[in-house]
Amino acid sequence: RINYDANGENGSLLLEPSRQNLVTQSEYFNSSYWIKELTSIVSNTTTSPDGTLNADKLVENTGTGLHRTYSSIIPTIIGDDYTTSIFAKQGERNIFGIQISNGTQPYVWFNLATGEIELQQAGIVGKIEPLINGWYKCTASWNASSATSDRVFIQLAKSINETTYTGDGTSGAYIFGATFEKGAYGTSYIPNHSGTGGVTRAADSCLGAGDVNTFNSSEGVLYTEISALENDQTNRAICIYKDSSLDNIIVIQYSSVSQNIRYLYRQGVTSIADINFVVSDITSVHKIAGSWENNNFRLFVDGIKVGEQLSGNVAPANTFITLGFNRPDGQTFFGNAKQVAVFNEALSDSELATLTTL
(Lines give C-alpha, C1' and ligand atoms only; values in the text may rest on other atoms or scores of the structure.)
Protein backbone atom coordinates (compact mmCIF):
# COMPACT_ATOMS: atom_id res chain seq x y z
CA ARG A 1 0.00 0.00 0.00
CA ILE A 2 1.11 3.57 -0.72
CA ASN A 3 0.70 6.18 2.02
CA TYR A 4 0.48 9.90 1.13
CA ASP A 5 0.69 13.11 3.15
CA ALA A 6 -2.21 15.49 3.81
CA ASN A 7 -1.77 17.07 0.37
CA GLY A 8 -1.95 13.73 -1.42
CA GLU A 9 1.77 13.88 -2.21
CA ASN A 10 5.07 12.29 -1.11
CA GLY A 11 4.00 8.68 -1.41
CA SER A 12 5.76 5.98 0.58
CA LEU A 13 5.41 2.23 0.93
CA LEU A 14 3.38 1.55 4.09
CA LEU A 15 4.16 -1.62 6.05
CA GLU A 16 2.15 -2.35 9.21
CA PRO A 17 1.75 -5.18 11.74
CA SER A 18 -1.40 -7.26 11.85
CA ARG A 19 -4.22 -5.54 13.72
CA GLN A 20 -7.90 -6.23 14.39
CA ASN A 21 -10.66 -3.63 14.50
CA LEU A 22 -12.93 -4.55 17.41
CA VAL A 23 -15.55 -1.92 16.56
CA THR A 24 -18.19 -4.01 14.79
CA GLN A 25 -19.90 -1.05 13.09
CA SER A 26 -17.05 1.23 12.14
CA GLU A 27 -19.03 3.50 9.78
CA TYR A 28 -22.73 3.01 10.57
CA PHE A 29 -23.07 5.44 13.47
CA ASN A 30 -26.83 5.46 13.02
CA SER A 31 -27.02 1.80 14.09
CA SER A 32 -27.99 0.61 17.57
CA TYR A 33 -24.36 -0.37 18.18
CA TRP A 34 -23.68 3.34 18.75
CA ILE A 35 -25.69 4.62 21.72
CA LYS A 36 -26.69 8.30 21.49
CA GLU A 37 -26.82 10.67 24.44
CA LEU A 38 -28.43 14.03 23.63
CA THR A 39 -27.34 13.55 20.01
CA SER A 40 -28.54 12.14 16.74
CA ILE A 41 -26.83 10.97 13.56
CA VAL A 42 -27.48 12.38 10.08
CA SER A 43 -26.14 9.77 7.67
CA ASN A 44 -24.12 10.35 4.50
CA THR A 45 -23.94 14.13 4.78
CA THR A 46 -20.48 14.80 3.35
CA THR A 47 -17.54 13.16 1.57
CA SER A 48 -15.34 11.09 3.84
CA PRO A 49 -11.55 10.75 3.61
CA ASP A 50 -12.03 7.76 1.27
CA GLY A 51 -13.66 10.04 -1.31
CA THR A 52 -17.19 8.67 -0.92
CA LEU A 53 -20.36 10.44 0.25
CA ASN A 54 -20.55 8.25 3.36
CA ALA A 55 -19.51 10.42 6.32
CA ASP A 56 -22.10 11.10 9.03
CA LYS A 57 -22.82 14.15 11.15
CA LEU A 58 -23.05 13.92 14.93
CA VAL A 59 -25.66 16.53 15.89
CA GLU A 60 -26.50 17.76 19.39
CA ASN A 61 -30.13 18.01 20.47
CA THR A 62 -31.66 20.74 22.64
CA GLY A 63 -31.13 18.93 25.93
CA THR A 64 -28.73 19.97 28.68
CA GLY A 65 -25.84 17.66 29.50
CA LEU A 66 -23.10 15.71 27.67
CA HIS A 67 -23.68 15.50 23.92
CA ARG A 68 -22.07 12.29 22.70
CA THR A 69 -22.35 8.84 21.20
CA TYR A 70 -20.59 5.73 22.42
CA SER A 71 -19.97 2.16 21.35
CA SER A 72 -21.23 -1.03 22.87
CA ILE A 73 -18.89 -2.74 25.35
CA ILE A 74 -15.69 -4.06 23.78
CA PRO A 75 -13.75 -6.80 25.62
CA THR A 76 -10.22 -5.87 26.70
CA ILE A 77 -7.46 -7.58 28.63
CA ILE A 78 -6.13 -5.95 31.81
CA GLY A 79 -2.56 -4.75 31.31
CA ASP A 80 -2.68 -4.61 27.50
CA ASP A 81 -2.37 -1.44 25.42
CA TYR A 82 -5.21 -0.32 23.17
CA THR A 83 -5.76 2.46 20.66
CA THR A 84 -8.93 3.96 19.27
CA SER A 85 -9.17 6.37 16.37
CA ILE A 86 -11.83 8.18 14.38
CA PHE A 87 -11.82 10.58 11.45
CA ALA A 88 -13.43 13.91 12.35
CA LYS A 89 -14.12 17.26 10.66
CA GLN A 90 -15.48 20.42 12.19
CA GLY A 91 -19.02 21.54 11.60
CA GLU A 92 -20.60 24.14 13.85
CA ARG A 93 -18.64 22.50 16.68
CA ASN A 94 -14.87 22.23 16.49
CA ILE A 95 -14.08 20.92 19.99
CA PHE A 96 -14.21 17.14 19.78
CA GLY A 97 -13.43 14.58 22.48
CA ILE A 98 -12.54 10.90 22.77
CA GLN A 99 -13.12 9.30 26.16
CA ILE A 100 -12.34 5.74 27.19
CA SER A 101 -14.54 4.14 29.83
CA ASN A 102 -12.02 1.89 31.57
CA GLY A 103 -12.51 2.79 35.21
CA THR A 104 -10.57 6.07 35.10
CA GLN A 105 -12.44 7.44 32.06
CA PRO A 106 -9.65 9.65 30.63
CA TYR A 107 -10.33 12.19 27.88
CA VAL A 108 -8.47 13.67 24.94
CA TRP A 109 -9.90 16.92 23.56
CA PHE A 110 -9.10 17.87 19.96
CA ASN A 111 -9.53 21.19 18.15
CA LEU A 112 -10.82 20.45 14.66
CA ALA A 113 -10.24 24.06 13.58
CA THR A 114 -6.56 24.28 14.50
CA GLY A 115 -5.54 20.63 14.35
CA GLU A 116 -4.23 20.67 17.91
CA ILE A 117 -4.78 18.70 21.09
CA GLU A 118 -6.42 21.04 23.59
CA LEU A 119 -6.30 18.74 26.63
CA GLN A 120 -4.90 15.31 27.35
CA GLN A 121 -5.70 13.76 30.69
CA ALA A 122 -3.46 11.40 32.61
CA GLY A 123 -3.74 7.79 31.47
CA ILE A 124 -4.34 8.51 27.79
CA VAL A 125 -2.15 9.68 24.90
CA GLY A 126 -3.68 11.60 22.00
CA LYS A 127 -2.57 12.25 18.45
CA ILE A 128 -4.13 14.30 15.66
CA GLU A 129 -3.11 14.01 12.00
CA PRO A 130 -4.25 16.32 9.16
CA LEU A 131 -5.88 14.79 6.10
CA ILE A 132 -7.53 16.21 2.99
CA ASN A 133 -10.52 18.58 2.90
CA GLY A 134 -10.41 19.57 6.57
CA TRP A 135 -10.47 16.04 7.95
CA TYR A 136 -8.31 14.89 10.86
CA LYS A 137 -7.53 11.45 12.21
CA CYS A 138 -7.99 11.68 15.98
CA THR A 139 -6.31 8.93 18.00
CA ALA A 140 -6.23 8.01 21.68
CA SER A 141 -4.04 5.27 23.23
CA TRP A 142 -4.24 3.87 26.77
CA ASN A 143 -3.56 0.85 28.95
CA ALA A 144 -6.46 -1.31 30.13
CA SER A 145 -5.34 -1.22 33.73
CA SER A 146 -8.61 -1.38 35.62
CA ALA A 147 -11.29 -2.97 33.47
CA THR A 148 -11.97 -6.01 31.35
CA SER A 149 -14.29 -4.17 28.96
CA ASP A 150 -14.23 -0.67 27.53
CA ARG A 151 -16.40 1.75 25.62
CA VAL A 152 -15.40 4.52 23.23
CA PHE A 153 -17.18 7.86 23.81
CA ILE A 154 -17.20 10.46 21.03
CA GLN A 155 -18.28 13.84 22.32
CA LEU A 156 -19.06 17.36 21.18
CA ALA A 157 -18.32 20.46 23.26
CA LYS A 158 -18.54 24.23 23.02
CA SER A 159 -15.10 24.41 24.65
CA ILE A 160 -12.99 22.16 26.83
CA ASN A 161 -14.38 24.12 29.78
CA GLU A 162 -17.97 23.77 28.57
CA THR A 163 -18.62 20.07 27.95
CA THR A 164 -22.00 20.07 29.68
CA TYR A 165 -24.26 22.57 27.97
CA THR A 166 -27.68 23.15 26.39
CA GLY A 167 -27.59 22.21 22.72
CA ASP A 168 -29.19 24.17 19.91
CA GLY A 169 -30.52 21.15 18.00
CA THR A 170 -28.54 21.73 14.82
CA SER A 171 -24.82 22.07 15.62
CA GLY A 172 -22.37 19.21 15.34
CA ALA A 173 -19.27 17.72 13.69
CA TYR A 174 -18.65 15.16 10.97
CA ILE A 175 -17.34 11.66 11.76
CA PHE A 176 -16.21 8.58 9.87
CA GLY A 177 -14.37 5.31 10.38
CA ALA A 178 -13.96 4.32 14.03
CA THR A 179 -11.26 1.83 15.06
CA PHE A 180 -10.57 0.07 18.38
CA GLU A 181 -7.40 -2.04 18.14
CA LYS A 182 -5.04 -3.80 20.52
CA GLY A 183 -1.70 -1.99 20.38
CA ALA A 184 0.18 0.98 21.80
CA TYR A 185 -0.34 3.09 18.66
CA GLY A 186 -2.86 3.37 15.88
CA THR A 187 -2.51 1.90 12.41
CA SER A 188 -4.42 2.61 9.22
CA TYR A 189 -8.18 2.29 9.11
CA ILE A 190 -9.67 -1.24 9.04
CA PRO A 191 -13.33 -1.13 7.91
CA ASN A 192 -15.61 -3.42 9.92
CA HIS A 193 -19.27 -3.86 9.01
CA SER A 194 -19.61 -7.34 10.51
CA GLY A 195 -21.93 -6.43 13.37
CA THR A 196 -20.65 -9.37 15.43
CA GLY A 197 -16.84 -9.59 15.55
CA GLY A 198 -13.49 -8.08 14.74
CA VAL A 199 -11.99 -7.72 11.28
CA THR A 200 -8.27 -8.48 11.00
CA ARG A 201 -5.75 -6.98 8.60
CA ALA A 202 -2.79 -9.30 7.99
CA ALA A 203 0.75 -8.04 8.60
CA ASP A 204 2.37 -6.43 5.57
CA SER A 205 5.54 -7.88 4.11
CA CYS A 206 7.90 -6.94 1.29
CA LEU A 207 10.54 -9.58 0.60
CA GLY A 208 12.64 -11.25 -2.05
CA ALA A 209 14.10 -8.44 -4.17
CA GLY A 210 17.13 -9.33 -6.33
CA ASP A 211 19.17 -12.50 -6.73
CA VAL A 212 22.80 -13.63 -6.43
CA ASN A 213 23.74 -11.50 -9.45
CA THR A 214 22.23 -8.30 -8.02
CA PHE A 215 24.53 -7.61 -5.07
CA ASN A 216 28.27 -6.92 -4.89
CA SER A 217 29.64 -8.55 -1.75
CA SER A 218 33.04 -6.84 -2.02
CA GLU A 219 31.78 -3.25 -1.95
CA GLY A 220 28.57 -1.31 -2.00
CA VAL A 221 25.98 0.82 -0.20
CA LEU A 222 22.57 0.00 1.27
CA TYR A 223 20.52 3.22 1.25
CA THR A 224 17.11 3.81 2.87
CA GLU A 225 14.76 6.77 3.30
CA ILE A 226 12.41 5.56 6.02
CA SER A 227 10.37 6.38 9.11
CA ALA A 228 9.11 3.99 11.79
CA LEU A 229 5.44 3.84 12.77
CA GLU A 230 6.21 4.35 16.45
CA ASN A 231 8.95 3.59 18.97
CA ASP A 232 7.17 0.38 19.93
CA GLN A 233 10.18 -1.50 21.33
CA THR A 234 10.53 -3.96 18.45
CA ASN A 235 13.45 -4.31 16.06
CA ARG A 236 12.62 -3.17 12.54
CA ALA A 237 15.13 -4.14 9.87
CA ILE A 238 15.86 -3.79 6.15
CA CYS A 239 18.43 -6.38 5.09
CA ILE A 240 20.45 -7.93 2.32
CA TYR A 241 21.09 -11.54 3.25
CA LYS A 242 21.98 -15.04 2.11
CA ASP A 243 19.46 -17.39 3.72
CA SER A 244 17.19 -17.89 6.71
CA SER A 245 20.08 -17.76 9.19
CA LEU A 246 21.62 -14.57 10.61
CA ASP A 247 24.94 -15.47 8.95
CA ASN A 248 26.07 -13.30 6.02
CA ILE A 249 23.80 -10.31 6.38
CA ILE A 250 23.83 -6.52 5.89
CA VAL A 251 21.34 -4.69 8.10
CA ILE A 252 19.95 -1.18 8.56
CA GLN A 253 17.75 -1.41 11.63
CA TYR A 254 15.86 0.60 14.20
CA SER A 255 16.81 -0.91 17.55
CA SER A 256 14.27 -2.02 20.15
CA VAL A 257 16.40 -0.85 23.08
CA SER A 258 16.17 2.86 22.24
CA GLN A 259 15.84 5.11 19.24
CA ASN A 260 19.02 3.66 17.74
CA ILE A 261 19.86 3.30 14.08
CA ARG A 262 22.04 0.23 13.69
CA TYR A 263 24.24 -0.72 10.73
CA LEU A 264 25.48 -4.32 10.83
CA TYR A 265 27.72 -6.14 8.33
CA ARG A 266 28.12 -9.80 9.18
CA GLN A 267 30.26 -12.33 7.36
CA GLY A 268 29.49 -15.91 8.33
CA VAL A 269 28.95 -15.90 12.09
CA THR A 270 31.24 -12.90 12.67
CA SER A 271 30.02 -9.32 12.98
CA ILE A 272 32.61 -7.45 10.92
CA ALA A 273 31.05 -4.03 11.59
CA ASP A 274 28.35 -3.03 14.07
CA ILE A 275 27.74 0.73 14.23
CA ASN A 276 24.96 2.39 16.26
CA PHE A 277 23.65 5.95 16.33
CA VAL A 278 20.86 7.50 18.44
CA VAL A 279 18.33 9.81 16.74
CA SER A 280 15.80 12.05 18.44
CA ASP A 281 12.74 10.67 16.66
CA ILE A 282 12.53 7.47 14.63
CA THR A 283 9.01 8.36 13.46
CA SER A 284 10.44 11.21 11.39
CA VAL A 285 11.94 10.49 7.97
CA HIS A 286 15.67 9.72 8.01
CA LYS A 287 18.01 9.11 5.09
CA ILE A 288 20.42 6.34 6.07
CA ALA A 289 23.33 4.75 4.16
CA GLY A 290 25.59 1.90 5.20
CA SER A 291 28.71 1.51 3.04
CA TRP A 292 31.07 -1.48 2.90
CA GLU A 293 34.44 -2.36 1.41
CA ASN A 294 37.56 -3.98 2.84
CA ASN A 295 38.69 -2.15 6.00
CA ASN A 296 36.16 0.64 5.48
CA PHE A 297 32.61 0.44 6.89
CA ARG A 298 30.68 3.71 7.29
CA LEU A 299 27.24 4.82 8.49
CA PHE A 300 25.75 8.12 7.29
CA VAL A 301 22.49 9.54 8.68
CA ASP A 302 20.87 12.73 7.36
CA GLY A 303 24.02 13.99 5.67
CA ILE A 304 26.43 13.25 8.54
CA LYS A 305 28.93 10.44 8.97
CA VAL A 306 27.92 9.15 12.39
CA GLY A 307 30.21 6.13 12.63
CA GLU A 308 32.89 4.14 10.85
CA GLN A 309 35.06 1.08 11.29
CA LEU A 310 38.37 0.95 9.42
CA SER A 311 39.10 -2.75 9.75
CA GLY A 312 37.50 -6.02 8.65
CA ASN A 313 37.16 -8.07 5.50
CA VAL A 314 34.07 -8.22 3.31
CA ALA A 315 32.33 -11.44 2.33
CA PRO A 316 33.33 -13.54 -0.69
CA ALA A 317 31.69 -12.96 -4.07
CA ASN A 318 28.10 -14.10 -4.59
CA THR A 319 27.37 -14.24 -0.85
CA PHE A 320 24.21 -12.11 -0.73
CA ILE A 321 21.16 -13.20 -2.70
CA THR A 322 18.08 -11.22 -1.60
CA LEU A 323 16.81 -7.95 -0.09
CA GLY A 324 13.76 -7.55 2.11
CA PHE A 325 12.04 -5.41 4.73
CA ASN A 326 12.91 -7.99 7.36
CA ARG A 327 15.59 -9.93 9.16
CA PRO A 328 15.54 -13.70 8.63
CA ASP A 329 14.74 -14.18 12.34
CA GLY A 330 11.42 -12.40 11.87
CA GLN A 331 12.27 -8.79 12.78
CA THR A 332 10.11 -7.07 10.15
CA PHE A 333 10.33 -3.41 9.26
CA PHE A 334 7.04 -1.65 10.04
CA GLY A 335 6.86 1.95 8.89
CA ASN A 336 7.03 4.10 5.77
CA ALA A 337 9.70 3.65 3.11
CA LYS A 338 10.07 6.40 0.52
CA GLN A 339 13.13 4.82 -1.07
CA VAL A 340 15.42 1.81 -0.73
CA ALA A 341 18.42 1.39 -3.05
CA VAL A 342 21.56 -0.73 -3.35
CA PHE A 343 24.74 0.61 -4.96
CA ASN A 344 27.26 -1.93 -6.18
CA GLU A 345 30.22 0.26 -5.39
CA ALA A 346 31.33 2.03 -2.23
CA LEU A 347 30.66 5.76 -2.45
CA SER A 348 32.94 8.51 -1.15
CA ASP A 349 32.20 10.45 2.02
CA SER A 350 31.08 13.46 0.01
CA GLU A 351 28.81 11.30 -2.15
CA LEU A 352 27.28 9.63 0.89
CA ALA A 353 26.74 13.02 2.56
CA THR A 354 24.95 14.30 -0.55
CA LEU A 355 22.89 11.12 -0.87
CA THR A 356 21.64 11.25 2.71
CA THR A 357 21.09 15.01 3.16
CA LEU A 358 17.45 15.75 3.96
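**Notes on the pocket and the sheet**

1. The lining of the largest pocket comprises 18 nonpolar, 14 polar and 11 charged residues. Here Ala, Val, Leu, Ile, Met, Phe, Trp, Tyr, Cys and Pro count as nonpolar, Asp, Glu, Lys and Arg as charged, and the others, Gly among them, as polar.

2. The model is predicted: local features need pLDDT of at least 70, side-chain atom pairs count only at pLDDT 80 or more, and totals for chains, interfaces and linings use all residues. Residues are numbered from 1 along each chain as its sequence is written, and side-chain values use heavy atoms, with hydrogens and water left out.

3. The largest pocket has 43 lining residues, and N3, Y4, E129, L131 and K137 lie nearest its centre. A pocket is an open set of points on a 1 Å grid over the protein atoms alone, where a 1.4 Å probe fits, with protein on both sides within 12 Å along at least five of seven lines; lining residues have an atom within 4 Å of a point.

4. Strand β13 gives the most to this lining, with 5 residues. Strands (DSSP runs of E, at least two residues, numbered from the N terminus) that each supply at least two lining residues include β14 (136-143) and β28 (335-343).

5. An open, antiparallel sheet is formed by 5 strands in the order β23-β22-β21-β20-β27. β23 (270-278) and β27 (322-324) are at the edges with a single partner strand each, so one side of each has no neighbour in the sheet. Strands pair if DSSP finds at least two bridges between them.

6. Strand β22 (residues 260-267) is joined to β23 by 8 bridges, and the two run antiparallel. N260 stands opposite V278 in β23.

Technical notes. Helices (H or I, at least four residues) and strands (E, at least two) are DSSP runs, numbered from the N terminus.
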